[in-house]
Structure formats: C-alpha cells, structure tokens
Amino acid sequence: MSAATRRLLIAGNWKMNGHAADGCALARSLAAAPEDWAATLLICPPATLLAPVASVLAGSPVALGGQDCHAEAAGAHTGDISADMLADAGCTHVITGHSERRAAYSESDAVVRAKAAAAHRAGLIAIVCVGETAAERDAGKAEAVVTASLRASLPDSTRPENTVIAYEPVWAIGTGRLPIIDEVIAVHAALRAVLGEHGAAMRILYGGSVKPDNAAALLAPPDVDGALVGGASLSAADFLAIAGAA
Ligand code: PEP
C-alpha cells in the first residue's frame, strides 16, 4: 500500500471543551457538511459529550473517538473510562499517549502501550501519539526520541487496520509554532521505518497548530496521512477548511 491508498484522516481533539448545546451544534455542523472529502473526519469530544454527539453523528460519515482510555476493561478505577465503554458509547477510535496526558499524568510509553492494547481488544482504532520536546529538538534528538517512544508505545497487536500514529511535536501543540516541512517529512519517514512490514499501510498524522492557512502545506507531503487538530477543531468552519485542504 502506498500514500495513494492510505486514506487521509483529519481528527479533531476537543480536549476539555464543550457542553451539550455547543458540542452538539458543532457536531451537527460537521455532520451536515458535504460528504465528498478526500479524508475521513473524526471528532474526539470530552467523555460527557460522547453519547449526545454519537446521536448527532448517527448516519453521517463523521467518526467518533475518545480522548483516552484505561488499560483495563472494567474495575475499581474511579474517574476512568475503559476502551470497552468507549466502543459501547459509539466510538471507533481513541487517542492514546497524547503529550498532555504524558506530561500531566506521567504516562510512560509502557502505559500508552497497555492502553493501545486495550483499545485493540475493544475493537477500537488507537491513535498513538509521540513527539519531542523543544529541548529534545534543540539537542538534535527529535528523531531518536520519537522513534524510541513509538517502538515502546506499540503493542504486539498493532496492525494498520487498528492503529494510527500521530507525530505531535510537544512544542508545536497550542503554540502556533510549526516545524519546517522538511522536519515533518524526516520524522514521518523515521517513524514509518520503525513500523517495518506495517509501515506502508499505516497512517501517520501530523499534529501541532494545524490551522486552515497552513493545512495544505502540512498535508502535502506523501508521508503525511492527515492531521490531529486541537484548537482549530472547535470551529466547524476551521475544521472543515482543514479537511478541505486534505
Ligand atoms: C493537539 O492537542 O493534539 C493539538 C494538535 O493541538 P493544537 O492543534 O491546538 O496545536
């Protein structure tokens, strides 16, 4: 499989934003948009909105995902949500290892690996995130850091059908700062090499300050198979403009 046959994915991570009224209105705008995208559209609202947004999206091509899951299917884990529960709520995808969770909750690659395995057991597609800090990039270690992190974050159950990789430089998330395109191309190529036999078929997204005005350039390289979008996914117009650039 080549770039031409890897269907692009534009994924929106709403993070801890949205209440029933505005979240459903946003989902409704996306569901009502024309369906001739070159990309699959996915939105990942906060957990409280999964059920109402699932109802809004029913019958539309826009997919639903969770922002995180626990590594176990059920049990005494107050405040957590399992991958099984996300699937039950209508999700097809879940983000694992977002840098905000790695930083705020000390999630290691091993934890991310266990969560991705749980996602696979639940029949979900895991979006496994990796990215370097500004200090790591400045030290010339970006490729070494992200490839090591990817190797340690992928469970044995990883397949192109159940896993998407997201390269998200930590310093580019929510900052408006972007890597130069050649850096994105180099990191994506290094990540694809890590994927071995699965590399040709697995999608690798770029994430970090993707906006309507930079999306076309970021999505142009053949090794960039879509985008993970934070802030701009909270505006239907911006998210659809990014999807339109794909
Ligand atoms: C993200 O949080 O995954 C992200 C890419 O955010 P933003 O688009 O706001 O930089």
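The model is predicted, so local features need pLDDT of at least 70 and side-chain atom pairs count only at pLDDT 80 or more, while totals for chains, interfaces and linings use all residues. Residues are numbered from 1 along each chain as its sequence is written, and side-chain values use heavy atoms, leaving out hydrogens and water. Helices (H or I, at least four residues) and strands (E, at least two) are DSSP runs numbered from the N terminus.

**Helix α5**

- Helix α5 covers residues 109–121, and its 13 residues should span 18 Å at 1.5 Å a residue; the expected span is 1.5 Å times one less than the number of residues.
- The end C-alpha atoms of α5 are 18 Å apart, which agrees with that expectation.
- V112, K115, A116, A117, A118, A119 and H120 are the buried residues of α5 (buried means under 20% relative accessible area, exposed over 50%, and partly exposed in between, with a 1.4 Å probe and protein chains only).
- These buried residues pack against the helices α3 (83–88), α4 (99–104) and α7 (142–153), and against the strands β4 (93–96), β5 (125–130) and β6 (163–167); contact here means heavy atoms within 4.5 Å.
- Just after α5 comes G123, with a positive phi of about 85°.

**Helix α10**

- Helix α10 runs over residues 236–245 and has A236, F239, L240, I242 and A243 buried.
- Seen down the axis of α10, the buried residues fall within an arc of 155°, so they line one face of the helix; the arc is that of the directions from the helix axis to the C-beta atoms.
- A237 and G244 are exposed, on the face of α10 turned away from its buried side.
- Packing partners for the buried residues of α10 are β1 (8–13), α1 (20–31), β2 (39–44), α9 (212–219) and β8 (226–229).

- The axes of α1 and α2 (residues 50–57) come within 9 Å and cross at roughly 25°, which makes α1 roughly parallel to α2.
- Axes are lines fitted to C-alpha atoms, for helices over the stretch in contact, with angles from 0 to 180 degrees between N-to-C directions; angles under 35 degrees count as roughly parallel, over 145 as roughly antiparallel, 65 to 115 as roughly perpendicular and the rest as oblique.
- The α1 and α2 crossing is right-handed, a term for the near helix being turned clockwise from the far one by less than a right angle, with anticlockwise being left-handed.
- On the α1 side, G23, C24, A27, R28 and A31 meet P52, V53, V56 and L57 of α2.
- α1 also packs with α10, at an angle of about 35° and with the axes 10 Å apart; L26, S29 and L30 of α1 make the contact with A236, F239 and L240 of α10.

**A closer look at C24**

- C24 lies in α1 and is buried, with a relative accessible area of 10%.
- Not counting residues up to four places away in sequence, C24 touches H19, P52, V53 and V56.

**Loop residues with positive phi**

- K15, in the loop between β1 and α1, has a phi near 55°, a positive value in a residue other than glycine.
- S106 sits in the loop between α4 and α5, and its phi is positive at about 50° although S106 is not a glycine.
- S106 counts as exposed, at 60% relative accessibility.
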